[in-house]
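Thanks for coming. Please have a look at the model first.

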Amino acid sequence: MTLERQYRPGISPSRAGDFMQCPLLFRFRTIDRLPEPPSSAAARGTLVHAVLERLYETPLGQRTRDKAAGLLPEEWDRLLAADPRLAQLFLPGGDANETQDEWLAGAGRLLGTYFTLEDPNRLQPEATELWVEHQLADGPLLRGVVDRLDVAPDGALRIVDYKTGRSPHPGYEGAALFQMRFYGLVIWRERDVLPKMLQLVYLGDGQILRAEPSERDLGNTEQRVRALWDGITAAGRSGNFPPRKSKLCNWCAHQVICPLFGGTPPTFDANLAAERLGLL
């Protein structure tokens with residue numbers, strides 16, 4: 001049983017990404033916590049991650065494609081029970097442009113791709129879906145969930161993250177590597193061991209992106225996170241979270257209340273911002 005964690009203000013790679021993409025989106029998600037309709041892509045990612053986590057709980061030698069395929073309907077039923085809204089994906093007007101069976105088959109293909117990239121019977125991770133956090137001195141609490149942490153016999157650490165989308169084009173790996181360096185920073189600070197490898201496994205096109213971080217890389221990441229947090233707290237005190245237009249606006253659930261699209265955001269609640277950003 002997962003124990004409920006006491007809320008403490010801090011920052012994760014996804015929320016840092018929100019602020020860099022659009023400060024107003026960060027506000028909507030972190031301070032206002034506005035509901036968002038289920039997303040087909042996000043749900044499929046959650047499902048595939050859940051199956052891979054269960055797969056690595058299976059004894060060595062039994063981690064097969066057939067086992068993963070058999071786990072799909074079980075994990076989907078579990079996700080539906082936890083969030084019945086996911087059934088809306090396949091109703092008229094829902095986010096999925098396919099039937100549930102077609103959608104599940106797509107998740108199955110992603111899992112099939114995984115087996116072309118790694119042999120799970122040759123891996124014994126230290127942890128999967130690992131909650132990590134570290135309090136920076138005079139800075140924010142860093143937190144997040146690492147998909148998989150591998151530890152070699154010599155103690156070398158590899159941080160692995162699964163992506164159900166396609167790999168970024170050459171020269172556009174920055175956002176993905178920031179996320180992985182963020183996790184590398186947390187584990188480095190907590191364990192006093194510099195991770196040997198950061199690995200992103202892209203199931204959408206069967207690519208693997210690897211990076212070997214240096215102390216300088218992770219030190220620069222820490223400085224970047226501190227600067228981001230300074231910007232976030234300054235916005236929280238002033239109430240100024242400006243919208244930023246980009247191609248990603250096409251997938252935003254909050255266009256109707258975004259000033260860039262003729263909408264009006266809810267009134268900014270300074271007390272709520274202070275509470276959720278730890279400014280009290």
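For residue classes, Ala, Val, Leu, Ile, Met, Phe, Trp, Tyr, Cys and Pro count as nonpolar, Asp, Glu, Lys and Arg as charged, and the others, Gly among them, as polar. This is a predicted model, where local features need pLDDT of at least 70 and side-chain atom pairs count only at pLDDT 80 or more, while totals for chains, interfaces and linings use all residues. Residues are numbered from 1 along each chain as its sequence is written, and side-chain values use heavy atoms, without hydrogens and water.

Now the cavity. On a 1 Å grid over the protein atoms alone, a cavity is a set of points where a 1.4 Å probe fits but cannot get out, and lining residues have an atom within 4 Å of a point. Searching the whole structure gives one cavity of 30 Å³ or more. The largest cavity holds about 130 Å³, and of its 15 lining residues, Cys 22, Leu 25, Cys 249, Cys 252 and Cys 258 are the closest to the centre. The lining has 10 nonpolar, four polar and one charged residues. Helix 2 (residues 23-31) gives the largest share of that lining, three residues.

Next, the fold. The chain has eight helices and five strands, taken as DSSP runs (helices H or I, at least four residues; strands E, at least two) numbered from the N terminus. Their order from the N terminus is α-α-α-α-α-β-β-β-α-β-β-α-α. Along the principal axes, the C-alpha atoms fill a box of roughly 55 × 50 × 40 Å.

Last, the helix pair. How do helix 6 and helix 7 cross? The axes of helix 6 (residues 174-191) and helix 7 (residues 215-238) come within 9 Å and cross at roughly 105°. Axes here are lines fitted to C-alpha atoms over the stretch in contact, with angles from 0 to 180 degrees between N-to-C directions. The two helices are therefore roughly perpendicular to each other, a label for 65 to 115 degrees. Their contact (heavy atoms within 4.5 Å) includes Phe 178 and Trp 188 of helix 6 and Leu 218 and Val 225 of helix 7.

Notes:
Parallel < 35°, antiparallel > 145°, perpendicular 65-115°, else oblique. 1 Å grid on protein atoms, 1.4 Å probe; cavity = no way out; pocket = protein on both sides within 12 Å on 5 of 7 lines; lining within 4 Å. Points joined across faces, edges and corners; volume = space filled by probe spheres on them.
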